[in-house]
2 protein chains.
Amino acid sequence: MANCLHLAFGYVDICQIALNNMFVMVTAPINLKKLSEMLGLSQTTVSRALNGFPEVSEKTRKRVQEAANALNYRPSPSAASLATGKTRSIGHVIPVSEHRMINPHFSDFLAGASEIYAAAGYDMLLRMANAGEEEDIYRDFASRRRVDGVVVHGPKTIEPRIDLLKSIDLPFVVHGRSGADANSYSWLDVNNREAFRKGTELLIKQGHANIALINGLESMNFAKRRRAGFEAALEANKIAVDQRHICSADMTETYGHDATLAQLKLSSPPTAIMYASILPAMGGIRALNELGLQPGKDIAIITYDDELSFLQSPDGTDTPPFFTAISSSIQAAGKRVAEMLLQQIDNPMQNPINELWEAEIVHGKTTSSAGK
Amino acid sequence: MANCLHLAFGYVDICQIALNNMFVMVTAPINLKKLSEMLGLSQTTVSRALNGFPEVSEKTRKRVQEAANALNYRPSPSAASLATGKTRSIGHVIPVSEHRMINPHFSDFLAGASEIYAAAGYDMLLRMANAGEEEDIYRDFASRRRVDGVVVHGPKTIEPRIDLLKSIDLPFVVHGRSGADANSYSWLDVNNREAFRKGTELLIKQGHANIALINGLESMNFAKRRRAGFEAALEANKIAVDQRHICSADMTETYGHDATLAQLKLSSPPTAIMYASILPAMGGIRALNELGLQPGKDIAIITYDDELSFLQSPDGTDTPPFFTAISSSIQAAGKRVAEMLLQQIDNPMQNPINELWEAEIVHGKTTSSAGK
DNA sequence: ACACTTTTCCAAAGCGCTTTGGATTTCTAG
DNA sequence: CTAGAAATCCAAAGCGCTTTGGAAAAGTGT
């Protein structure tokens with residue numbers, strides 16, 4: 001390897017060992033001290049060269065970087081963290097709902113976020129939290145100085161975590177939002193109210209007057225907003241809201257199935273149903289089939305769609321989507337939230353960022369094409 | 001708070017501030033030095049008291065612990081890590097397949113693992129890796145000494161990661177297994193071959209002779225074993241294996257749908273189908289419905305089931321399962337793998353642990369009850 | 001040649017913990 | 001009462017990095 005030639009004298013042997021991929025077994029891991037000794041420079045200079053400080057000439061910087069690469073030197077994160085007070089890692093606390101259910105959309109969100117962290121040299125710390133544990137975990141993160149910031153997932157309608165994080169001064173970004181003073185912190189949310197208003201409006205335009213809403217858990221802020229949008233559309237069209245046609249629970253496939261059956265057994269069954277997620281919507285389809293009803297013909301279906309990766313068509317396939325959906329990419333949301341958080345960590349004095357994304361309607365086979 | 005009374009003299013004020021939950025805003029975070037000064041003990045003694053060393057009397061240990069609690073003292077992980085060389089964190093590298101798809105079963109696996117780590121005082125580090133990136137990430141973890149061990153997810157039929165981890169001496173446990181010398185490292189796997197043999201056998205007993213297998217990606221070790229079990233059952237019953245009835249891809253809902261349609265359009269359509277995961281199975285059901293076929297009557301369906309939380313019935317609900325499935329809890333697997341890894345980290349000289357779990361057949365509505 | 005600025009580099013202090021190698025005190029037995 | 005053992009505690013070194021406050025070397029204009 002050409003790099004070896006640039007190294008200081010007398011260390012070619014170690015370098016050669018490194019070339020055989022054997023050096024980990026032979027030598028202790030290389031550290032700043034050794035590296036600087038080999039280069040005949042001080043630790044200060046090597047550290048500065050590697051961290052891009054201006055006080056070191058380009059010539060030496062290059063020499064240092066090549067040596068560091070050749071020897072596979074990586075600064076110890078614990079040591080760096082101890083010295084700087086920064087951990088270069090971000091905490092994600094994923095809520096596990098009462099029935100030990102983990103919403104699968106988190107994995108896609110995390111995939112998006114992870115990409116940003118990796119590019120910025122940050123690590124991602126994950127904790128699953130049972131109901132009520134979240135606050136303790138944030139407190140733990142803070143008092144151990146374990147992370148530089150956290151992402152708040154699944155804000156409830158009343159969300160003590162936000163106040164807690166403000167008070168312990170730990171940078172955070174909320175995926176979703178909660179509370180009246182939502183401009184006092186950074187968040188990224190989908191315009192759930194408008195999304196469900198639009199979707200309901202579409203169904204009404206197609207002639208439906210008896211529409212059910214199979215919603216998520218209404219202790220969650222997003223679910224409450226979705227119901228509000230749903231009801232607003234009905235009211236705007238002078239359709240009375242019938243609470244028997246609204247239900248709310250963890251968004252599982254089974255829930256969608258059972259709730260759909262229940263709806264269709266009512267004395268005045270709905271002619272259209274809105275689902276809060278594609279999973280209950282799939283359960284709904286299963287229920288329809290059991291009853292011999294055909295979605296898009298006998299009954300209209302619209303679902304909110306997070307564009308979960310395991311429910312997508314493979315690339316290149318151009319088959320039209322099955323569900324008519326109100327859609328927004330959760331992976332993209334993960335990316336953006338991560339960016340916002342890193343930005344806020346770099347510049348703590350900046351004003352909070354609020355982003356409200358509009359979901360898009362995608363026409364599929366589960367609604368008639370009228371009014372499209 | 002009574003604890004305050006046990007503290008050394010002159011610090012009651014700080015203690016009272018702590019009681020108001022205000023101390024974070026007033027004082028710098030407490031560290032060993034301050035804590036030991038307050039107690040009138042050396043740092044050594046306080047550290048030992050907190051870490052359960054025998055050289056300190058129970059009386060002082062108690063005094064120290066109470067003070068630490070009252071002041072919400074947590075040792076800095078970076079400092080501890082620097083001093084001990086241990087990070088008390090575990091890395092998980094989740095593969096993202098070519099089409100940017102993340103298998104949703106990972107979130108349940110991680111939920112299981114996270115519980116174990118939390119109980120043991122470990123943190124979980126997560127990275128999503130595009131195809132081919134995994135090895136670099138492990139190398140990065142190792143050279144930065146970022147984690148004490150890693151879990152290997154989704155081993156391929158040929159798995160360079162295992163050799164890599166052995167050579168860089170980073171403790172690991174594989175979820176699944178790969179390679180000929182599988183007893184040279186720790187793994188936990190489901191007996192996929194036997195599971196699919198059993199499932200296929202059941203279908204054959206029910207009179208099916210033309211069975212399709214809608215498998216996962218066969219570059220993955222588990223998928224290859226499943227096919228082997230499937231073929232073994234056919235051969236044992238003198239049924240020729242027809243490659244046209246076997247297909248393989250990322251386990252998405254859409255894949256299940258499309259592959260099922262394709263199977264049923266063949267000149268000799270199968271009378272039973274085995275699915276590698278509940279997601280493609282759901283897609284399959286959707287396809288059957290489009291064709292007006294009823295699962296369990298017109299065609300038999302068996303699927304492998306990871307018991308994903310978002311596809312489970314809510315607690316207490318006693319509705320019989322929809323799918324006839326070969327089932328094993330992935331959340332339980334996550335727990336056990338985490339336990340095995342921590343055990344191995346604590347005791348590096350112990351022999352590798354290998355656990356092969358048998359999946360259970362659960363009878364649902366998608367097969368006839370004959371042969372049950 | 002000089003005095004000045006700019007560039008390039010360094011010694012040493014510290015981040016907060018663990019751990020080694022005693023020192024001191026208390027307990028036990030003769 | 002005293003020597004030895006046991007229990008209890010401590011000072012200081014060190015983990016690997018960043019960063020402060022210069023010092024030395026190189027460049028610049030007169």
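**Exercise 1. The two chains**

How many residues of chain B are in contact with how many residues of chain A?

*Solution.* First, note the source: this is a predicted model, where local features need pLDDT of at least 70, side-chain atom pairs count only at pLDDT 80 or more, and totals for chains, interfaces and linings use all residues. Residues are numbered from 1 along each chain as its sequence is written, while chains are lettered from A and ligands numbered from 1 in the order in which they are written.

Step 1. Chain B has 53 residues in contact with 53 residues of chain A. Contact means C-beta atoms, placed from the backbone, within 7 Å.

Step 2. Find the main contributor. Helix 8 of chain B gives the most to the side that touches chain A, with eight residues. Helices (H or I, at least four residues) and strands (E, at least two) are DSSP runs, numbered from the N terminus.

Step 3. Sort that side of chain B: 24 nonpolar, 16 polar and 13 charged residues. Ala, Val, Leu, Ile, Met, Phe, Trp, Tyr, Cys and Pro count as nonpolar; Asp, Glu, Lys and Arg as charged; the others, Gly among them, as polar.

Step 4. Look at the strands. Strand 2 (residues 123-130) of chain A pairs with strand 2 of chain B in the antiparallel sense, over three bridges. Pairing takes at least two DSSP bridges. L125(A) stands opposite L125(B).

**Exercise 2. Strand 6 of chain A**

Is strand 6 of chain A enclosed or open, and why?

*Solution.* Step 1. Five of the five residues of strand 6 (residues 211-215) are buried, so the strand is largely enclosed by the rest of the structure. Buried means 20 or more other C-beta atoms within 10 Å of the residue's own, with C-beta atoms placed from the backbone.

Step 2. Check the directions. I211(A), L213(A) and N215(A) point one way, A212(A) and I214(A) the other.

Step 3. Find the partners. Strand 8 (residues 272-275) of chain A pairs with strand 6 in the parallel sense over four bridges. Strand 7 (residues 246-248) of chain A also runs parallel to strand 6, joined by three bridges.

**Exercise 3. DNA strand D**

Which residues are closest to DNA strand D?

*Solution.* Step 1. Of the 26 residues that surround DNA strand D, the closest are N31(A), L32(A), S47(A), A83(A) and S42(B). A residue is near if its C-beta atom, placed from the backbone, lies within 6 Å.

Step 2. Helix 6 of chain A supplies the largest share, five residues.

Step 3. The surface near DNA strand D divides into 10 nonpolar, 13 polar and three charged residues.

Note on methods: Buried ≥ 20, exposed ≤ 12 C-beta atoms within 10 Å, placed from the backbone. Contact = placed C-beta atoms within 7 Å.
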